[in-house]
Amino acid sequence: MSKTLKPQSKLDDKLKIHEYLAIRLRETGLSLRSAAKTIGISSAYLSDIATGKRIPEAGVCNAIADAFGDSRIKILRYAGWLNDDDISATLAELERMAKKDPQFLELVKLYRNLDGKDEKETLLRIIKAALSK
């Protein structure tokens with residue numbers, strides 16, 4: 001990626017990935033072709049995402065987030081890779097484990113002390129990945 005395209009507005013958490021792309025393309029004035037080049041994918045692939053015909057792979061979601069300077073977690077949510085139920089289930093599992101092991105209690109405390117939603121979601125994703133191993 002050659003540059004980051006800075007977003008202009010705060011976006012609704014309930015957007016779909018194609019809605020997000022429409023907003024960001026309009027804000028930046030980029031064509032699909034130019035945006036695809038910045039993201040590092042073909043313009044045909046980006047067109048399919050932008051029209052709702054295709055859901056981007058997780059790695060492409062990360063590239064889109066990086067290109068537009070947005071949160072990777074947010075873009076994964078827009079694409080349907082992550083939802084609030086996943087996060088709630090992970091936190092509930094962590095809280096159950098904290099009753100048995102003080103190390104998990106420290107993670108729960110850390111989670112509760114984080115300010116940003118993205119930071120909390122990132123911590124829970126890391127914990128979820130570690131617990132699944």
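Contact here means heavy atoms within 4.5 Å. By that rule Ile64 touches Tyr20, Leu21, Ile39 and Ile75, not counting residues up to four places away in sequence. This is a predicted model, where local features need pLDDT of at least 70 and side-chain atom pairs count only at pLDDT 80 or more, while totals for chains, interfaces and linings use all residues. Residues are numbered from 1 along each chain as its sequence is written, and side-chain values use heavy atoms, with hydrogens and water left out.

**Aromatic pairs**
- Rings of Phe, Tyr and Trp (its six-membered ring) pair if their centres lie within 6.5 Å; planes under 30 degrees apart count as stacked, over 60 as edge-to-face and the rest as tilted.
- The count comes to 2 aromatic pairs.
- Tyr20 and Phe68 have ring centres 6.0 Å apart and planes at 90°, so they sit edge-to-face.
- Tyr20 and Tyr78 have ring centres 5.4 Å apart and planes at 40°, so that pair is tilted.
- Put together, ring pairs link Tyr20, Phe68 and Tyr78 into a cluster.
- Both Tyr20 and Phe68 are buried (under 20% relative accessible area, with a 1.4 Å probe and protein chains only), and Tyr78 is buried too.

**Nonpolar cores**
- A nonpolar core is a set of buried Ala, Val, Leu, Ile, Met, Phe, Trp, Tyr and Cys residues joined through side-chain atoms within 4.5 Å.
- The largest one has 26 residues, and Tyr20, Ile39, Ile41, Ile64, Phe68 and Ile75 touch the most other members.
- A second, separate core of 8 residues includes Phe104, Val108, Tyr111 and Leu124.

Note on methods
Buried < 20%, exposed > 50% of the residue type's maximum accessible area, 1.4 Å probe, protein only.
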